[in-house]
Amino acid sequence: QGDSGNLEASIDRLLNEEKQMRLAENVAGTRKAATEILQLCFEAKDWKLLNEQILNLSKKRGQLKQAVQSMVQQAMQYIDQTPDIETRIELIKTLNNVSAGKIYVEIERARLTRKLAKIKEDQGQIAEAADLMQEVAVETFGAMAKTEKIAFILEQVRLCLDRQDYVRAQILSRKINPRVFDADTKKDKKKPKEGENIVEEAPADIPTLLELKRIYYELMIRYYSHNNEYLEICRSYKSIYDIPSVKETPEQWIPILRKICWFLVLAPHDPMQSSLLNATLEDKNLTEIPDFKMLLKQVVTMEVIQWTALWNKYKGEFENEKSMVGGSLGDKAGEDLKLRIIEHNILVVSKYYSRITLKRLAELLCLSIEEAEKYLSEMVVSKALIAKIDRPSGIVCFQIAKDSNEILNSWAVNLEKLLDLVEKSCHQIHKETMVHKAVLRS
């Protein structure tokens, strides 16, 4: 009883001191008095009183910004020393109330929200944790360190992916420009000019920019995997592969390079996929995994690939790919691999033939006539190639139908070439005649 009496007396004395300092607008004195009150409550382990005093002091008339900031920062150090989860949540909520709407404690509020979201997540309340995190727009905080901002947004994206809210995850991920990861971290930091906001140092537990780069692309892989966007997944793996720390250790880059190869083969044929494929083939590291080099070479070479032979060779490797096994992605990826090989084969046939019977096309593709027609039609619809099927005759034409203008233009070009040749020939004959005459005269 005596202790609580002493505590109250001490607090009353400090409250009077705080009032005098506040009214005199003495920043240092007000700060000192306010933080000492909180320290007394903490040492007495009176958490209820601590919460009351935080609210009480922050609501005082004309309370100084610096005093509120010091109180919030002081009380944040007590969070990890609370006896139980309930007390911890109560203290975080009190500090959140105090810092709500106050720009000068916005960074502290963001960190408090992150702590509260972590507790909610640990309790299995992922939706609540995600909602809490989304309320904070850290990209508008001028004084927050860049790495801390990125780490916060990545946490928002991760929670959205965990609750399978893919639309919001995409919106949040767009707040991060991937170029930010390529910034030179070795450059000396500019000293802030007079009147500029001073950017705070990031806390010790915030990852470095390159670590954040890896986390960002791993989250993007999770997002793209949802819609099986193979080329984007491949590009994300490529970005992880280019991180210096990954490139230095074979244990890290070999599995990633394998993934790049698989997703390149799985991606539909287009100019971006083609340039990535050729760039990957030039990578010297590919010699460490010769089977995959062979696979990429087969896809690049304009020759028909036997699906059964390819699948028998790579089935084991395909099953080994841990992230692709399990769930729908494994089956879907297997089907898509077969589809890509069929598409490759149709493109090869269209390069070598201008007309071919459906029966022969089906033989080359190792498919039934109906399947060959189906895949060919899908490629025509997706504008991957131009073809016409004469179904009664069972003939496929790969020639591009030209309109009258194109035909006339090609004739005009041919005539020009012909006249050019005639003129050159006349010139040569004339030259020869002149030389001959000159010889005769001499």
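Reader: Why is Glu-25 counted as exposed?

Author: Glu-25 has a relative accessibility of 60%. Exposed means over 50% relative accessible area, buried means under 20%, and partly exposed is in between (1.4 Å probe, protein chains only). The value of 60% is over 50%, so Glu-25 counts as exposed. This is a predicted model, in which local features need pLDDT of at least 70 and side-chain atom pairs count only at pLDDT 80 or more, while totals for chains, interfaces and linings use all residues. Residues are numbered from 1 along each chain as its sequence is written, and side-chain values use heavy atoms, with hydrogens and water left out.

Reader: What else is there to say about Glu-25, and where does it lie?

Author: Glu-25 is in the loop between α1 (2-23) and α2 (27-43); helices (H or I, at least four residues) and strands (E, at least two) are DSSP runs, numbered from the N terminus. Its phi is positive, about 55 degrees, although Glu-25 is not a glycine. Lys-45 also has a positive phi of about 55 degrees and is not a glycine. Lys-45 sits in the loop between α2 and α3 (47-58). With a relative accessible area of 47%, Lys-45 is partly exposed.

Reader: What makes the contact of Glu-139 and Lys-175 a salt bridge?

Author: The term needs a side-chain nitrogen of Lys or Arg within 4 Å of a carboxyl oxygen of Asp or Glu. Here the N to O distance is 3.0 Å, so the pair meets the rule. By this rule there are 21 salt bridges.

Reader: Which parts does the pair of Glu-139 and Lys-175 tie together?

Author: Glu-139 belongs to the loop between α7 (126-134) and α8 (146-162), and Lys-175 to the loop between α9 (166-173) and α10 (209-226), so the pair ties together parts that are 36 residues apart in sequence. Glu-139, at 32% relative accessible area, is partly exposed, and Lys-175, at 36%, is partly exposed.

Reader: How do you know how many buried residues α20 has?

Author: The count of buried residues among its 38 residues is 0, and the helix is hardly covered. Two of its residues, Lys-424 and Asp-420, are 4 residues apart in α20 (residues 404-441), about one helical turn. They form a salt bridge with the closest N and O atoms 4.0 Å apart. Lys-424 is exposed at 52%, whereas Asp-420 is partly exposed at 38%.

Reader: Why is the reach of α20 called close to the expected one?

Author: The expected span is 1.5 Å times one less than the number of residues. For the 38 residues of α20 this gives 56 Å, and the reach from first to last C-alpha is 56 Å.

Reader: Which residues are linked in a network of salt bridges?

Author: Glu-121, Glu-155, Arg-158, Asp-162 and Arg-222 are linked in this way.

Reader: What are the two domains, and how far apart are their centres?

Author: The domain assignment gives domain 1 (1-102) and domain 2 (410-441); such bounds come from an automatic or database domain assignment. The C-alpha centres of domain 1 and domain 2 are 102 Å apart.
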